[in-house]
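Subject: Handover of a structure and the findings on it

Dear colleague,

Please find below the structure that I am handing over to you. My notes on it follow directly after.

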Amino acid sequence: MIGRLNHVAIAVPDLEQAAGVYRGALGAKVSDPVDEPDHGVTVVFVELPNTKIELLHPLGDASPIQAFLDKNPSGGMHHVCYEVDDILEARDRMKAEGARVLGDGDPKIGAHGKPVLFLHPKDFCGTLVELEQA
Ligand code: CO
């Protein structure tokens with residue numbers, strides 16, 4: 001069912017430092033920081049030939065990644081995002097498989113303006129999974 005890897009998201013405590021690592025040592029193409037207040041994050045996009053890395057930093061008081069950074073103070077992989085053709089079909093399949101869909105189960109408009117859902121890490125090998133309708 002899942003298609004391409006859309007992105008891997010890495011939560012970082014210092015966005016400028018992290019962008020510097022990807023731009024410098026790793027020699028990647030790195031965007032300027034983009035504030036996404038609706039999602040409580042500031043994001044730096046790292047463009048790779050076959051996918052993207054998103055460096056996430058908390059924005060505002062209620063950021064969904066603050067608790068993750070509290071537990072992982074030097075940062076770490078936060079989630080992977082797989083593309084699906086039909087988000088509602090994907091959700092129904094996940095529920096039928098007994099997987100936990102986070103929130104109320106209705107897709108939200110994600111950071112790229114497309115519908116997304118998140119799946120409970122305990123059901124997917126300890127990794128938070130985002131599904132995005134491509
Ligand atoms: Co994401």
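In these notes, a residue is called buried under 20% relative accessible area, exposed over 50%, and partly exposed in between, with a 1.4 Å probe and protein chains only. The model is a predicted one: local features need pLDDT of at least 70, side-chain atom pairs count only at pLDDT 80 or more, and totals for chains, interfaces and linings use all residues. Residues are numbered from 1 along each chain as its sequence is written, and side-chain values use heavy atoms, with hydrogens and water left out. Helices (H or I, at least four residues) and strands (E, at least two) are DSSP runs, numbered from the N terminus.

The metal site

I begin with the cobalt ion, which is coordinated by H7 (NE2), H79 (NE2) and E130 (OE) at 2.0 to 2.1 Å. Donors here are N, O and S atoms within 2.8 Å of the metal (3.2 Å for Na, K and Ca); water is not among the atoms, so sites may look incomplete. Along the chain, the donors of the cobalt ion follow the spacing H-x71-H-x50-E. H7 in strand 1 and H79 in strand 6 are 72 residues apart, and the pair links distant parts of the chain. H7 and H79 are both buried.

Salt bridges

There are five salt bridges in the structure. The term stands for a side-chain nitrogen of Lys or Arg within 4 Å of a carboxyl oxygen of Asp or Glu.

R4 is exposed at 55% relative accessibility, whereas E83 is buried at 14%.

A salt bridge is also formed by the side chains of D106 and R91 (3.5 Å, N to O). R91 is in helix 3 (87-96) and D106 is in the loop between helix 3 and strand 7 (108-109), 15 residues apart. R91 is buried, with a relative accessible area of 15%, while D106 is partly exposed at 42%.

The side chains of R100 and D123 meet at 2.9 Å, N to O. R100 is placed in the loop between helix 3 and strand 7, and D123 in the loop between strand 8 (115-119) and strand 9 (128-133), 23 residues apart. R100 is partly exposed at 41% relative accessibility, as is D123 at 29%. Salt bridges that share partners also join R91, D92 and D106 into one network.

Cysteines

How many disulfides does a search of the whole structure find? The search finds zero. A disulfide is a covalent bond between the sulfur atoms of two cysteines, and the cut-off used for the pair of sulfur atoms is within 2.5 Å. The sulfur of C81 is 17 Å from the closest cysteine sulfur, that of C125, which is too far for a bond. C81 is buried at 0% relative accessibility, whereas C125 is exposed at 81%. C125 lies in the loop between strand 8 and strand 9, and has a positive phi of about 60 degrees although it is not a glycine.

With kind regards
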